[in-house]
Each structure stands twice: as structure tokens, then as C-alpha cells.
Amino acid sequence: MHIHHLLDENSVANTFISELRDVDIQKDQMRFRRNIERLGEILGYELSKKLSYQPQTMTTPLGESTHEMIQNELVVCSILRAGLPLHQGLLNYFDKAENSFISAYRHHPNPYNDAEFEIKVEYLASPSLEGKTLILADPMLATGRSFVNVYKALENMGKPQAIHLVAVIGAEEGIELLKKEFPENTHLWIATIDSSLNDRGYIVPGLGDAGDLCYGSKMQH
């Protein structure tokens, strides 16, 4: 797996990530969503450097101009619900991409034990992925099981020609799982990487539950 870590270099992304983590700034849901969207735009821009290009000539008011244009057939797939702002950030830059949406959530069989959970996938709306470039987006890469289960659920949609995973914050443990479960030539685009998970499978220091911070708290399944 090819890992592209945004914070290997300092940039304005540092500001957006720090605001996502800040417990005081998190109280503003609109700002939280917008910062995830901004990071989606930045990660999408970086991702675009690895796509395929061909020259295309267009007519200007005064002549002709030739530019290298993206040739990949892109499908942006986000994991509901926390993935929606990240999806929008990617779509802001890849506005001709097709769209796919899938649900994945933590199901706790034992309501008295938060440490035990399984990832359930219940909803999928997707075009064919056959021969296309799949961009799979989820802001939080904790255990990695959501990405893996969603990838398996998408197998019936066809085999993509290339796979790009996009996340805002990830844990090293989850990244190790992705290395084992995804094809070797998969690209992971991630803003920042934290060292560990707690006993409930949440990233530390992380930022909390991205879905709740985007859209409000929910009842547990």
C-alpha cells in the first residue's frame, strides 16, 4: 500500500485538523463539517497528482489551448454518515465523478460492553465500478474494519482499475489492517496519523465521534 501522509509537510491543513480536535471549536457543527470538507478538498488535490492525464485542446476567444486533463473514470464512495462532508470536499474538485454511498456502523451485540462491536453494512447505492478508479472516503480510520467491510460489500459492483482510500485521522493499527486486506497498489491519502486505539476502538488522541460531531448524537443499536 502507498501511504500519503498530509502532515509529513506543514501546510494550512494543520489549522483545520487542530480545529477538528479542539473540544471548544467542536461545539460548532457547521465549522466541524466545513473543516472536514476542506480537508477533503486538500486530499483530493494531492490524490489528483496520481491520476492519468491526456492532452486535450479547447478553443479560447483568441485561439486554441492544450491542457493535460484527467482521463480516469472516477467513483467517489463515502461511508454514511460521517463521510458526507468528506465526500462533498472530494466532489468539489472531482465534479464529474460518479457517486456511491454505503452505510457502515458499529453494532454492539452486548449493550453493556462498549469494547465489543462488529461493523454492519446495510445500505448500498453504487454505479458499476468495473475498470474505474474508486475513491473510498471515511474521515475516521480506527480499527480499519469499516473500510474492509465496505470494500467487500462493493465487490459485486465490479473490479475497479485503481483504489484510493481517503481519511482525515487514522490509527496505526487500522492502517496495518488495510495493508493486509487491500490490493498492494492501493493508495491511502490521510491527513494525520495517531499512534493508538483505546479499549473501545476509538482513536487516541483522535477527536471523538465524527458522525455525532457533524450531525448530532444518535441512539445506539
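1. A quick definition to start: a residue is called buried under 20% relative accessible area, exposed over 50%, and partly exposed in between. Arg-34, with 33% relative accessibility, therefore counts as partly exposed. Please keep in mind that this is a predicted model.

2. On the overall fold, the protein chain has six helices and 14 strands. Its radius of gyration is 18 Å, close to the 17 Å that the globule rule gives for 221 residues, so the chain is as compact as a globular protein of that length. The C-alpha trace spans about 70 × 40 × 30 Å along its principal axes.

3. Buried residues account for 46% of the 221 residues.

4. The structure holds nine salt bridges.

5. One of these joins Arg-31 and Glu-19, with the closest N and O atoms 2.7 Å apart. Arg-31 sits in helix H2 (residues 29-48) and Glu-19 in helix H1 (residues 13-21), so the pair links distant parts of the chain. Arg-31 is partly exposed at 36%, whereas Glu-19 is buried at 14%.

6. Back to Arg-34: its side chain meets that of Glu-41 in a salt bridge (3.7 Å, N to O). Glu-41 is buried, at 14% relative accessible area. A network of salt bridges links Arg-34, Glu-37 and Glu-41.

Definitions and conventions: Residues numbered from 1 in each chain as written. Predicted model: local features only at pLDDT ≥ 70, side-chain atom pairs only at ≥ 80, totals over all residues. Heavy atoms only, no water. Helix = DSSP H or I, 4+ residues; strand = E, 2+ residues; numbered from the N terminus. Rg over C-alpha atoms; globule rule 2.2 N^0.38 Å. Buried < 20%, exposed > 50% of the residue type's maximum accessible area, 1.4 Å probe, protein only. Salt bridge = Lys/Arg side-chain N within 4 Å of Asp/Glu carboxyl O.
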